[in-house]
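Please keep the coordinates open while reading.

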Amino acid sequence: SVIVRKSNERCYEELMQYMGNLIIPTGYSVDVITIEGDVGKAAAYNEGMRQSDARYKVYVDENTRILKRDFLQQMLNVFSQDETIGILGVAGNTVIPTSGICRNGQKRMGRLICGDRNESMQWEGGAAPYQEVVSLDDCILVTQRDILWRSDLFMEDSFYDTAQCIEFKRQGYKAAVMFQDDDWVQDRRGKFDYDKISQNN
């Protein structure tokens, strides 16, 4: 299942165009669950999770563009190597920055195009299939276990991604960044906005 919180029609339609270009792995099918309305991402993702019985769920921001056509197969390959990986992304951090913003930390892992200028941010990480991290960037998050998102603490669209990684760790699962040999994902937001209330939580 692909789960999206829809707030901008144009961004959503562009995301769906990129989703339509993805190669669906043999033996699998993909359904899209769209959550609309004035609701924070954590709450929207909880609603989407409740609507799906799929083992693998792709939580994607509507500003994200998936450039890697076999992204879904690559995701399955990593999950198949380690059953203790609970949540995957393309960019993360091996420490939680004091700001709480994953991209601002000094131990960043992964690769991500940020904004519309096609400038790739290639961070640390070797050629291993994945790198374990403690926080993941929210542009795209993929799970193979269902754990509630902390909508009780994060009503806006900030910091819920790091909190979710912590929840997985509490239940004995890893958060990890997938190795990318080229640019797989673009986050067209570029700028990260956050609210102080969520940051204090």
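A residue is called buried when its relative accessible area is under 20%, exposed when over 50%, and partly exposed in between, with a 1.4 Å probe and protein chains only. Helices (H or I, at least four residues) and strands (E, at least two) are DSSP runs, numbered from the N terminus. This is a predicted model, in which local features need pLDDT of at least 70 and side-chain atom pairs count only at pLDDT 80 or more, while totals for chains, interfaces and linings use all residues. Residues are numbered from 1 along each chain as its sequence is written, and side-chain values use heavy atoms, with hydrogens and water left out.

The chain holds five helices and 13 strands, and 50% of its 201 residues count as buried. Where contact means heavy atoms within 4.5 Å, residues 24 or more positions apart account for 76% of the contacts in the chain with a separation of 6 or more.

**Helices H2 and H4**

H4 is mostly covered, since eight of its 11 residues are buried; among them are Tyr-160, Cys-165 and Phe-168. These buried residues of H4 pack against H2, strand S5 (85–89), S10, S11 and strand S12 (174–178). After H4 comes Gly-172, whose phi is positive, near 90°. In H2, the buried residues include Lys-41, Tyr-45 and Met-49, and the buried residues of this helix pack against strand S1 (2–6), strand S2 (32–36), strand S3 (57–60) and H4.

**Aromatic pairs**

Rings of Phe, Tyr and Trp (its six-membered ring) pair if their centres lie within 6.5 Å, and planes under 30 degrees apart count as stacked, over 60 as edge-to-face and the rest as tilted. A search of the whole structure finds nine such aromatic pairs. Because Tyr-45 lies in helix H2 (residues 41–51) and Trp-149 in the loop between strand S11 (140–143) and helix H4 (160–170), the pair ties together parts that are 104 residues apart in sequence. Ring pairs also link Tyr-45, Tyr-59, Trp-149 and Tyr-160 into a cluster.

| Residue | Relative accessibility |
|---|---|
| Tyr-45 | 1% |
| Trp-149 | 2% |
| Ser-1 | 9% |
| Leu-136 | 0% |

Ser-1 is placed in the segment before S1, and its contacts, not counting residues up to four places away in sequence, include Asp-31, Tyr-56 and Val-58. Leu-136 belongs to strand S10 (residues 135–136); the C-alpha atoms of Leu-136 and Ala-176 are 7.7 Å apart, although 40 residues separate the two in sequence.

**A buried glutamate**

What is the nearest side chain of opposite charge to Glu-62? Glu-62, in the loop between S3 and strand S4 (64–66), is buried yet has no salt bridge, and that nearest side chain is Arg-5, 5.3 Å away. Here Lys and Arg count as positive and Asp and Glu as negative, with His and the chain ends not counted, and a salt bridge needs a side-chain nitrogen of Lys or Arg within 4 Å of a carboxyl oxygen of Asp or Glu.
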